[in-house]
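Hi,

Here is the structure I promised to pass on. My notes follow below it.

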Amino acid sequence: MTTRRLQNNQTLVNRYIILNFHAEGGMQEVYRSYDSTLDRIVAIKTPKNGVADRRFKRGAEMGARINHPNVAATFDYFEEMESTFLVEEFIDGTDLGDRFKNNFHYLDPSLAAHVLHHLSKALSEAHRVGICHRDIKPGNIMVSNDPSLTTVKLTDFGIAKLAENEIAAEIELFDKDESTLTSSNTLLGAVPYMAPECWDNWKGAGQPMDVWAIGCVAYQLLSGITPFGTGRPAIINVVKYQQGAFSVDKPKTFGKHKSVEVLEDALWEIIQACLIVNPLSRLTSDKLLAILDNLCYAITERLTGTVQVYGQPYPKTGFVDHKNGNSYFFHRSEYFGNVKPEMGQNVNFSYYEGVPNARCAPLLLLK
């Protein structure tokens, strides 16, 4: 377990008051903090090793160059007592990896398209100012806690700079000792989203690797699994994919709902274009954004509720109860889940007014 170096109520540079420990990743610790000068809540991020690191500063400088609503804003950077600290916008939510771990099996196509669209906006802006993230994965994508995932922000450009160096070193070690993969959380977490060129020449890989990672994230959003697996099998499968001996098939969730058939086809084309082996033939982030800008998907407000009954009043129909006291009618054709509907299931849903009950469409099974 990581020793937390910062304490509640500790003040940094006579300005930032630590309120509480918030989260940690493979490279960092995050603290919810109060900026007493500007009267706002911020996130204080610091490398786990606590050492002043020029790479962390360079990453912070890169993040500060991006000004976009889908990128977590970088406010400040400072060093104190031989430690380095990044001050970033505090996002009232959690990372997408955590949401999949605790809430989602997978997303329905409309909700997935919403996340991808906003993520592509962030990536396009980063690439426009010449920045490559190099560590895009669900853990570096923050989303709000509401059922609609209203806020989507790409984060951790500073931490990604540290991860970049650690991954580069560990890729070299991996050629000599494959146990490196299991001993490094940073490398293990990055592998499912790493483009083929990363293994050939990590330092020479550029912006197309971010687009590949977006394709992998897109597949995971829609299926609940990464396209090439995890760990060592993912590396082997990517190599086979390069050689034409491994194929990425459509998510098994596809083809079951007539209402989103066109959207599923469009998302599948996007995934295929992101996962082109030759980085020069891969979609650019600008072209990816242009495609998503023209994609038609529902953005109706989402709620969460519980399936109260299924099979009544007609076969393949049922009702969802919400804490507001309303009951919402649904049909199996609008249900997205890896098991059949049954009483007591937690669900995420959009609704449309109707008589005698409003209707759910879509209805997404939650954990």
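Of the 367 residues in this predicted model, 53% count as buried, meaning under 20% relative accessible area, with exposed over 50% and partly exposed in between (1.4 Å probe, protein chains only). Residues are numbered from 1 along each chain as its sequence is written. As the model is predicted, local features need pLDDT of at least 70 and side-chain atom pairs pLDDT 80 or more, while totals for chains, interfaces and linings use all residues; side-chain values use heavy atoms, without hydrogens and water.

The protein has 11 helices and 15 strands, which are DSSP runs numbered from the N terminus (helices: H or I, at least four residues; strands: E, at least two).

Now to the charges. The structure holds 11 salt bridges, each a side-chain nitrogen of Lys or Arg within 4 Å of a carboxyl oxygen of Asp or Glu. K45 pairs with E88 at 2.7 Å, N to O. K45 counts as buried because its relative accessible area is 6%, and D156 is buried at 3%.

Elsewhere, salt bridges link R15, D35 and R40 in a network. The R40 and D35 side chains meet at 3.3 Å, N to O; R40 is partly exposed at 26% relative accessibility, whereas D35 is buried at 0%.

Enjoy exploring!
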